[in-house]
Amino acid sequence: MNRTLTLFLLFLAACAPERAFPSPTATILPAPFVAVTRAASPSAPSPTPSAAAVIPASPALTATPFPLPTADPVVIACNQRKPAADDLLVVITAAFGISPEYVPKGLLQLDQYLPYSAVYSPQVRVRKVLVEPLVRLIKDMRTAGLKPVIRSGYRGYHDQVATYERWQQENPDRAGLISAIPGHSEHQLGLAVDFYSPELPDLVGDPAMVYHSAFDETSEGKWLAQNAHRYGFSLSYPLEAQAWTGLTYEPWHFRYVGVELATYLHDSGQFLTQFLLESRPVLPCVP
Ligand SMILES: [Zn+2]
């Protein structure tokens, strides 16, 4: 299958069966995947999406392999976007943000569910849907002799502003690459977590180091890269995804998408942002 041209179309028909799509060139593959030839196949998305990103779909397809998001009924400005409570697959990149006012419902304090030493502070909160898988993941890591710490979870818009301003002061040339622009952070969804390894400071020679690309050389980072998908977590910012996400490599940042999709992405070598953008029938929002 041509990787760059691989799409999921099944949900399009389920979500918008009445919609008249351009004549598709879909090929049914062994369930649950469907490939389709795209009119345009850029190696990376344009920061300003064009009509070429609108993907034709087949109304004949009726099954869905994953709990893919419902198609946006109306494309709205990204700064007004408020994701549905059950939508785990909201596209967020440097181009596609969400409303500053969006706060997910049902955030839970992780220190209520995990050992004290596995959570950085009582302020670390996430959506309910990923608490149980995360507790299992941490338990299994600790059983394997590892010492992971959940350093960060939900981050509201105002916290993002503070984080971004701090990076701008410390590293003005790269602030937009190493920290999401406020309103463009997966942390605002309450579905993303940042992991810390106690091996990191010694590894990089900086006792204050919290996030560093060398996380992938730590015992915790290696385990997560190999196993996080089995708990439903996907690496949001792999090295090769920068052209799509707008952010640099973050081996510590994982987002909950469910076991099926996380496993598919891991095993096929795809990354979440590209998959989501190629799977959408319409642009997720207007930047
Ligand atoms: Zn993060």
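## Helix α2

Just after α2, glycine 145 adopts a positive phi of about 90 degrees. The structure described here is a predicted model. Helix α2 itself (131–143) is built from 13 residues, and the distance from its first C-alpha to its last is 18 Å, close to the 18 Å expected at 1.5 Å a residue.

Which residues of α2 are buried? They are Leu134, Leu137, Ile138 and Met141. Viewed down the axis of α2, these buried residues fall within an arc of 95 degrees, so they line one face of the helix. An α-helix has 3.6 residues a turn, so residues three or four places apart point the same way. The cover over the buried residues of α2 includes β5, β7 and α6 (219–227). Glu132 and Thr143, on the other side of α2, are exposed.

## The nonpolar core

The largest nonpolar core contains 53 residues. Ile150, Val193, Phe195, Phe254 and Val257 have the most contacts inside this core. At least two core residues come from each of α2 (131–143), β7 (192–196), β8 (233–235), β9 (253–256), α8 (259–268) and α9 (272–279). In soluble globular proteins, nonpolar side chains tend to be buried together.

Phenylalanine 254 can be followed through its contacts beyond four places in sequence. These are Ala192, Val193, Phe195, Leu224, Ala228, Phe233, Ser234, Leu235 and Ser236.

## Two positions compared

Is valine 119 buried or exposed? Valine 119 lies in the loop between β4 (107–109) and β5 (125–127), and it is buried because 21 other C-beta atoms lie within 10 Å, where the cut-off for burial is 20 or more. Apart from neighbours within four places in sequence, valine 119 contacts Leu110, Asp111, Leu114, Val124, Val149 and Ile150. Its C-alpha atom is 8.5 Å from that of proline 148, a residue 29 residues apart from valine 119 along the chain.

Glutamate 165 belongs to helix α3 (residues 157–170). With 13 other C-beta atoms within 10 Å, glutamate 165 is partly exposed.

## Confidence

The average pLDDT of the chain is 80, and 74% of the residues score at least 70. Over residues 1–64, however, the pLDDT is below 50. That stretch still has 89 contacts in the model beyond near neighbours in sequence. Where pLDDT is low, the predicted coordinates should not be read in detail.

Terms used:
Residues are numbered from 1 along each chain as its sequence is written. pLDDT is the predictor's confidence in each residue, from 0 to 100. Two residues are in contact if their C-beta atoms, placed from the backbone, lie within 7 Å. Helices (H or I, at least four residues) and strands (E, at least two) are DSSP runs, numbered from the N terminus. A residue is buried if 20 or more other C-beta atoms lie within 10 Å of its own, exposed if 12 or fewer, and partly exposed in between; C-beta atoms are placed from the backbone. A nonpolar core is a set of buried Ala, Val, Leu, Ile, Met, Phe, Trp, Tyr and Cys residues joined through C-beta atoms within 7 Å. The expected span of a helix is 1.5 Å times one less than its number of residues. The arc is that of the directions from the helix axis to the C-beta atoms.
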